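Please set the sequence and the coordinates side by side before reading on. The report below is meant to be checked against both.

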Amino acid sequence: MRVALFGGTFDPPHRGHIRIAQAAADAYRLDSVLFAPVALQPLKAGLETAPFSERLAMVQLACAADSRFSASTIDAPRADGEPNYTIDTLTDLRRQHPTAILFNLIGADSFLHLRQWRESNRLLTTVDWIVVSRPGSPLDDLTPLQLTETERSHIHLLTNVSEDVSATELRRKLAAGEDCANLLPSSVAAYIRQHGLYSTRYQISPASLDSSSGSG
């Protein structure tokens with residue numbers, strides 16, 4: 001069994017996320033990709049998002065795009081109110097799937113800041129990593145991460161897919177009432193309309209960070 005965790009804010013989940021997950025599943029023969037919206041990212045303190053329950057509901061709808069996809073609550077809000085640290089999440093994932101070959105699917109923009117994350121040395125050997133290129137975040141130079149040979153052996157670069165959807169720009173368009181049908185799964189677009197997300201219920205800050213994968 002080959003399982004990948006795909007974490008992120010997913011605010012909202014869009015077609016770019018689907019393309020990334022499908023490309024990774026095809027390239028690395030993944031049996032399952034777990035879309036896991038994160039409740040509270042340590043490196044994005046103060047980022048205003050739609051409630052976790054709303055983001056999870058949208059992820060569940062988006063996962064209908066591929067039978068290999070499913071929504072996961074592994075990064076749900078913690079009882080103690082603390083942030084969701086990736087090392088804890090991956091440790092839980094290993095506990096849940098003790099015999100599986102595990103991967104963490106992540107965008108290059110987040111991966112290139114990995115040394116800021118908690119227990120980064122453990123992170124790089126707990127599971128394998130599928131790192132996806134993103135506009136403005138090339139993967140041709142990983143030297144700033146000062147990877148050991150063992151750590152580098154756990155990293156797989158996926159450079160033949162480009163997720164060019166900015167979640168920040170998408171939220172701005174939704175708040176302005178623009179048509180985003182080409183950027184969202186139809187079921188997610190319908191959910192957003194039905195629940196009035198990104199219009200009057202939530203304030204969209206122009207300085208909000210993108211909702212691509214990455215935690216801390």
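This is a predicted model: local features need pLDDT of at least 70, side-chain atom pairs count only at pLDDT 80 or more; totals for chains, interfaces and linings use all residues.

Residues are numbered from 1 along each chain as its sequence is written, and side-chain values use heavy atoms, with hydrogens and water left out.

**The sheet**

An open sheet of 6 strands is found, with parallel pairing and the order β3-β2-β1-β4-β5-β6. β3 (69–71) and β6 (155–158) stand at its edges, and because each has a single partner strand, one side of each is left without a neighbour in the sheet. Neighbouring strands are turned by 25° against each other on average, direction ignored. Strands here are DSSP runs of E with at least two residues, helices are runs of H or I with at least four, and both are numbered from the N terminus; two strands pair if DSSP finds at least two bridges between them.

Strand β4 (residues 101–107) is joined to β5 (residues 128–132) by 5 bridges, the two running parallel, and 5 bridges also join β1 to β4, again in parallel. Within these pairings, L5 stands opposite N104 in β4, L105 stands opposite I130 in β5, and I106 stands opposite V131 in β5. In a regular strand the side chains alternate between the two faces of the sheet. β4 is mostly covered, since 6 of its 7 residues are buried, where buried means under 20% relative accessible area, exposed means over 50%, and partly exposed lies in between (1.4 Å probe, protein chains only).

**Helices across the sheet**

Helix α1 (residues 15–27) lies across β1 (2–8), β2 (32–37), β3, β4, β5 and β6, and runs at about 150° to β2. Helix α3 (residues 86–96) lies across β1, β2, β4 and β5, and runs at about 150° to β4. Contact means heavy atoms within 4.5 Å; axes are lines fitted to C-alpha atoms, for helices over the stretch in contact, and angles run from 0 to 180 degrees between N-to-C directions.

**Charged side chains**

A search of the whole structure finds 9 salt bridges, a salt bridge being a side-chain nitrogen of Lys or Arg within 4 Å of a carboxyl oxygen of Asp or Glu. The table lists some of them.

| Salt bridge | N to O distance |
|---|---|
| D26 and R68 | 2.8 Å |
| R78 and D80 | 2.8 Å |
| R172 and E178 | 3.5 Å |

D26 counts as exposed because its relative accessibility is 51%, and D26, D66 and R68 are linked in a network of salt bridges. In the R78 and D80 pair, R78 is partly exposed at a relative accessible area of 33%, and D80 is partly exposed at 47% relative accessibility.

The C-alpha atoms of R172 and Y198 are separated by 8.0 Å, with the two residues 26 apart along the chain.
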